[in-house]
Amino acid sequence: MNILLIGGSGNLMNQLIIKLKKEGHRVHLLTGEQHAANTYEKVFERYEFTYDNGNLSEIFQSVSPDVTLFLGAYDTNFSWRHSERESVRFIAGLMNILVAYSMINKGKFIFLSSEELYQGNFEQDIWEEEPPCARGFRGTALEQAENICSNFRENWNLNILVLRLDHLYSIPKDREELDGICGEMCRKAMESGCIHADPDTVLSLLYVSDAVEFIYQVAAARRTKHFLYHLSSSQPVSELELAGMIGKNMDSVVEIVLEPKPAKSRRVLSNQRFLEEFGVSVCHTAEDGVDKIVSGMMKNKAVFLTGEEETPSVWKRIWRRVGWFVKASVPFVENMICFIPFFMLNNRTVGSDYFARLDFYLFYVLLFAIVYGQHQAIFSAVLAVCGYLFRQMYTRSGFEVMLDYTTYVWMAQLFILGLVVGYMRDQIRSIRMESEEVQKNLKRQLRDIKDINNSNVRVKDVLERQVIDQKDSIGKLYSITSTLDQYMTEEVLFYAVEILSKILRSPDVAIYTVYNSDYARMFSASSDVARQLGNSIRYPDMGELYEALRQRKVYVNRQLDERYPLMANAIYENDEMKMIVMVWGIPWERMTLGQANLLVVISYLIQNAVLRAGRYMEALEQQRYVEDTHILEPGAFTTLVEAYQKAKKKNLTECTLLQIQADPSECERAGEVLLKNLRQTDYLGTMEDGRLYVLLANTVRKEAEIVISRFDAAGFKSIVVEGIEG
């Protein structure tokens, strides 16, 4: 593939180049600076242009990249010392690059972002769906850059991906590369002998080689399922633990000073989406990376303490320039030295009765072919031919030796044998290296499988305990909730509260029914505490509780706000909120994620029965009326009153039954007048005696007096009736 890398020099850029070249891809580089003085790994083609240059589109057309990778947050061309100015230059540069990329519309474009988009405390690992909450110019610029990439992807139909790297770190070469928390802590330890750390600041570290492997997996994939991926180790470590790792690897005693910050800070990106799609996990733990950083910085203390690179000696400077040549020439020098004893042995065996048929040159070529491979086999064969010709010219002229066909036969067998053995040796070595890489990968997968298995074992043990305890087991929950099917449809909503109270082990549970987008009316409650919000609530005004329910999440009152219940969940039907379950009286230690999930499970189990009952009760109102009226027939109304009275005896609801003092012949006219003074949750119907009755739901006798006065004003007397004969 043709791959275009965009960004300044640095450890990440150089390792990306090495990885891509190793995998056999053709790498092109856009440096982002007009006169790049920094060192890069060798690439196929290098373009020294700034991001605001008008020729970027020509560069894209010339390269025709299959993958374009912009370092973005890790581009060293942006120093961010003057963040307000750099943010403008950063956004402008990205826009120019994306416009140039859109002109060819070929391959995928990858933008590297960072965890700086999130600030604050996150109890759980941060998923890709979590909206950014950046602070500062750099974080805001990165958030804006991601939005620009998203707009280009959607509106221009481009294959653009965003990768967020979580606290990337590497071994710094000088003081300028100390941009990570590990390097800064190590520098402070070397300067003052102490490290200030906050135990409540938790983060996740990603080593640069792991990040390069993750990025390559995304770049090499033919298709990706998502626009955004988090690249993280997802291994939380606190500042205090990190300081302990650094102090452990220092060659001197380091004092760790606790320095708590005003607010907790936990920022750990979740790599679950990437892991599920690509199946690649980290190879370097935080301890491994810290060990490498500390050892690397300790070797060059002066560089990191003073910021000035120590001047190398003359011999070191010479070695830097010619060292590669010396290393490459060692096998050839060794080859020539070993040629001397073989040359002497061959001369001694000429004319010998016992050793004349031994070909020491052949042994010599085979030796270097087996040890070093094809290149040294060819070189040793050339030396052997030179030695052979030199020895033959002791007794014959060079012309006679060149005319002897046996000379060419001997040379041919020498080269053929050396090349074949050298080729086999190179192939075996290549296969062995590939096998070692496969073995490392399999060991890493085996380690991951063991971790998954340990997690599964813990889950299995928990489920076994649940089955044994029979308190929160699925079978127990289903057996309890299935008892709703034994009740009449008019009673389901009342006894759902009773079941919730039993399973959640809370005496205070309430169910509110939603009648419109603004108000919810209490239908049933298990105690006076559960009724403290009142019979009617305007739930959009309830702040965090409403936001959680709107997002179909369980609301957990971790702040113990007295205005709201401790837990709440909404029951939906066809994306429309139908009911709200509220729970009080839960001990603090049980306000956990497991308890919230339990509430969700119970809500799903009772959802069908509750919604079926609700729909049936709506049918009672709409289909079983006295003809051409809004008055329920005696059968439907009597069943409804009985259900309310049974629930009232169990303290699950409050209700009041009113008898209208009107002649049975005036029921229709009275119904039309009285319905104007009733709520949506109240019911109007007749009984076997032919009289008109009103059922006031969730209304005590004192509150019913207000309704009675309204009826009096409308010209109809009414009295409170204790109930009907069951």
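Predicted model: local features only at pLDDT ≥ 70, side-chain atom pairs only at ≥ 80, totals over all residues.
The side chain of Lys-19 makes a polar contact with the side chain of Glu-213, at 3.0 Å.

Where does Lys-19 sit? Its place is in helix α1, which covers residues 11-22. Lys-19 counts as buried because its relative accessibility is 17%, and the cut-off for buried is under 20%. Beyond its neighbours within four places in sequence, Lys-19 is in contact with Val-212, Glu-213 and Tyr-216.

Let us now take helix α1 as a whole. The helix has twelve residues, and from its first C-alpha to its last it reaches 16 Å, close to the 16 Å expected at 1.5 Å a residue. Which of its residues are buried? They are Asn-11, Leu-12, Met-13, Asn-14, Leu-16, Ile-17, Lys-19 and Leu-20. These buried residues pack against helix α6 and against several strands, namely β1 (2-6), β2 (26-32), β4 (67-70), β5 (108-114) and β7 (168-169). Just after α1 comes Gly-24, which takes a positive phi of about 90°.

I turn next to the nonpolar interior. In soluble globular proteins, nonpolar side chains tend to be buried together. In this model the largest nonpolar core has 100 residues, and the members that touch the most others are Leu-5, Phe-90, Phe-111, Leu-112 and Leu-165. Which element gives the most to this core? Helix α6, residues 208-220, does so, with eight residues. A second, separate core has 23 residues, including Val-509, Val-581, Val-583 and Leu-598.

Setting aside residues up to four places away in sequence, Phe-111 touches Phe-70, Gly-72, Phe-90, Leu-94, Leu-142, Ala-145, Glu-146, Cys-149, Leu-161, Val-162 and Leu-163.

The next region is a sheet. Strands of a sheet pair through backbone hydrogen bonds, either parallel or antiparallel. Here we find an open sheet of six strands, in the order β17-β16-β15-β20-β19-β18, with antiparallel pairing. Which strands form its edges? They are β17 (536-538) and β18 (555-556), each of which pairs on one side only. Elsewhere in that order, β15 (residues 508-514) and β20 (residues 576-584) are joined in the antiparallel sense by six bridges. Across that pairing, Val-509 stands opposite Val-583 of β20. Both of these valines are also among the members of the second core.

Which strands pair with β21? One is β23 (residues 692-697), running antiparallel to β21 and joined by five bridges; in that pairing Cys-655 stands opposite Ala-697. Another is β24 (residues 718-721), also antiparallel, with four bridges; there the bridge partner of Gln-659 is Ile-719.

Two individual residues bring together parts of the chain that are separated in sequence. Tyr-207 lies in strand β10, residues 206-207, and counts as buried because its relative accessibility is 7%. Tyr-207 and Gly-289 are 82 residues apart in sequence, yet their C-alpha atoms are 6.5 Å apart in space. Leaving out residues up to four places away, the residues that Tyr-207 touches are Leu-168, Tyr-169, Ser-170, Ile-171, His-284, Gly-289 and Lys-292.

Ser-192 is in helix α5, residues 181-192. Its side chain reaches the backbone oxygen of Lys-188 at 2.9 Å. Between Ser-192 and Val-254 there are 62 residues of separation in sequence, and 8.7 Å in space from C-alpha to C-alpha.

Finally, a word on the cysteines. A disulfide is a covalent bond between the sulfur atoms of two cysteines. How many disulfides does a search of the whole structure find? As for the setting of two of the cysteines, Cys-194 counts as buried because its relative accessibility is 17%, whereas Cys-283 is partly exposed, with a relative accessible area of 36%.

Thank you for your attention.

Note on methods
Residues numbered from 1 in each chain as written. Heavy atoms only, no water. Helix = DSSP H or I, 4+ residues; strand = E, 2+ residues; numbered from the N terminus. Buried < 20%, exposed > 50% of the residue type's maximum accessible area, 1.4 Å probe, protein only. Polar contact = N/O pair within 3.5 Å; in protein donor to acceptor, adjacent residues only side chain to side chain. Contact = heavy atoms within 4.5 Å. Core = buried A, V, L, I, M, F, W, Y, C linked by side-chain atoms within 4.5 Å. Expected span 1.5 Å × (residues − 1). Pairing = 2+ DSSP bridges.
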